[in-house]
Amino acid sequence: MKLNRKDILGIQELSVEEINLILETADSFIEVSTREIKKVPTLRGKTVINLFYEASTRTRTSFEIAGKRLGADTINISASTSSVVKGETLIDTARNLEAMNPDVIVIRHAAAGAPHMLAGLLRQSIINAGDGAHEHPTQALLDLMTIRAKKGGIAGLKVAIVGDIAHSRVARSNIHGLTKMGAAVIVAGPATMIPRGIEKMGVVVHTQIEEAIREADIIMMLRIQTEREQQNIFPSLREYAQYFSLNRGNIGLARKDVLIMHPGPMNRGVEISPDIADGPHSIILDQVTNGVAVRMALLYLLTGGVS
Amino acid sequence: MEKKKIVMDAEGIDRSLTRIAYEILEKNKGVEKLVLVGIQTGGVFLAERLRRKISEIEGRGIPLGILDITLYRDDLQTSHLKPRLGKTDISFSLNDKKVVLVDDVLFTGRTIRAAMDALIDFGRPRSIQLTVLIDRGHRELPIRADFVGKNLPSSLWEAVSVDLTEKNGRDEVVVVLNG
């Protein structure tokens, strides 16, 4: 069995078989991170570059740990400390990195499509670690892996995604992934945060959190991007919290065994109350643990093998 | 044309495993510090059977681990097809244990090299011993088995396949000649 592609750019283009292969491979990698010696020699001699034009804690660390546990050399470049501040273009930076002969380039960029441009330009495997409001495929894969592990499957589940759908690459990738795997997806948020035409992606839209989470198996809360308060898409954090936060008052509408997810970083007290984030239904830290395994799986499946 | 020859039947396999179980106990003077580790997939089923036999003889169970050697293969960089990754599950410490590795067929020895590297990443066993149901020769590394079900000199054009009830529905060892 083989993942027959050079790059991982989005969930949209992945088939159900490919997603299953990635998730099954990731399941097997969980065990490596529980060993006393958390390292295998699989990618010895391979080089992985993490090229991050946007801030990140989880994704960048997760890719770095994934590479290192597989025995690869991982290098991190963040825009703020690189020649980007001297005005180097993305293409020039990429060509220079290519000249040093890495095997995989992981990129996060504020411009949607940036990873796709690199994929066409470079011979290396490109993994999209988030491009604008477009896709964040590794987040969706780790979410699918976590749901599958906790619920035994994905098909037939009711999943509510609540928050700023319009600006969320996590929501977009998850909608692609969840619908492909047979889940029913409901999105909810203030009207200014619901993109027009989102129904075409196969989701049901609600403008109130209470309707969205009713009988839900999974609730995925999105980070409210506080930097957008200035853009007049919501009046205040306080009002947002009042109408769209997940808290003790409304969680009872969901199923008794509901699982709560959040891609991080959380705004405690805004989109999610602390007692819910830390409560028995929360699988937020399982998501982080599984993130390493999913990224190990992708690095493993994309590298090696002479063409 | 394909020619099939059965070289070991269900009773033959069972008798070999019974003998090997006694040999393992004799060499290790009982089950003290003894653990079995089966190599995915065929070795796992054989290791489970050996564990049953050993615990019947000694009246005491011993730990059994499962090892997938894919991540330690030496051909990952050269082969185009990525092998499907299996599960590894060794939920006990290997430090100071007498580890008996179990596989179905010993051929080039490369799988065993990978398995030994993997085991040593889990701890420092007191010893590693090797059990195989079939030794078909053609070693490419200096490796030999401590306990062998059957030595089966084979040509490189033959395929040796160990079928087990747990995965193929019946117990037999067959040699298939391609050509």
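**Terms and values in a two-chain model**

Glu215(A) is placed in the loop between helix H7 (209–213) and strand S8 (218–221) of chain A. This is a predicted model, in which local features need pLDDT of at least 70, side-chain atom pairs count only at pLDDT 80 or more, and totals for chains, interfaces and linings use all residues. Residues are numbered from 1 along each chain as its sequence is written, chains are lettered from A and ligands numbered from 1 in the order in which they are written, and side-chain values use heavy atoms, with hydrogens and water left out.

Q: What makes the phi of Glu215(A) worth a remark?
A: Phi of Glu215(A) is positive, about 65°, and Glu215(A) is not a glycine. Most residues other than glycine have a negative phi. Asn101(A) also has a positive phi, near 65°, and is not a glycine either. Asn101(A) sits in the loop between helix H3 (90–99) and strand S3 (104–109) of chain A.

Q: Which peptide bond ending at Pro265(A) is described, and is it cis or trans?
A: The bond from Gly264(A) to Pro265(A) has omega near -10° and is cis. Pro265(A) belongs to the loop between strand S9 (259–261) and helix H9 (274–277) of chain A. In chain B, the bond joining Gln40(B) and Thr41(B) is cis, with omega about -10°. Thr41(B) is in the loop between strand S2 (34–39) and helix H2 (42–58) of chain B. In general, most peptide bonds are trans.

Q: How many helices and strands does each chain have?
A: Helices (H or I, at least four residues) and strands (E, at least two) are DSSP runs, numbered from the N terminus. Chain A has 10 helices and 9 strands. Chain B has 4 helices and 8 strands, in the order β-α-β-α-β-β-α-β-β-β-α-β from the N terminus.

Q: Why does the radius of gyration of chain A agree with that of a compact globule?
A: The radius is taken over C-alpha atoms, and the globule rule is 2.2 Å times the number of residues to the power 0.38. For 307 residues the rule gives a value near 19 Å, and chain A has 19 Å, so the two agree. For the 179 residues of chain B the rule gives a value near 16 Å, and chain B has 16 Å, which also agrees. Along the principal axes, the C-alpha atoms of chain A fill a box of roughly 55 × 45 × 35 Å, while the C-alpha trace of chain B spans about 50 × 40 × 30 Å.

Q: Why is Thr138(A) called buried?
A: Buried means under 20% relative accessible area, exposed over 50%, and partly exposed in between (1.4 Å probe, protein chains only). Thr138(A) has 0%, so Thr138(A) is buried. Thr59(A), with 5%, is buried as well, and Leu142(A) counts as buried at 3%. Buried residues make up 56% of the 307 residues of chain A and 51% of the 179 residues of chain B.

Q: What does Thr138(A) touch, leaving out residues up to four places away in sequence?
A: Contact means heavy atoms within 4.5 Å. Thr138(A), in helix H5 (residues 137–151) of chain A, touches Phe63(A), Ile127(A), Asn128(A), Val294(A), Arg295(A) and Leu298(A). Leu142(A) lies in helix H5 of chain A too. With the neighbours within four places left aside, the contacts of Leu142(A) include Val294(A) and Arg295(A). Thr59(A), in helix H2 (residues 58–69) of chain A, also has Arg295(A) among its contacts.

Q: What makes a set of residues a nonpolar core?
A: A nonpolar core is a set of buried Ala, Val, Leu, Ile, Met, Phe, Trp, Tyr and Cys residues joined through side-chain atoms within 4.5 Å. The largest has 87 residues, and those touching the most other members include Phe29(A), Ile127(A), Leu67(B) and Leu101(B). Helix H10 (residues 284–302) of chain A gives the most to this core, with 10 residues. Apart from it lies another core of 30 residues, among them Ile20(B) and Leu152(B). Nonpolar side chains tend to be buried together in soluble globular proteins.
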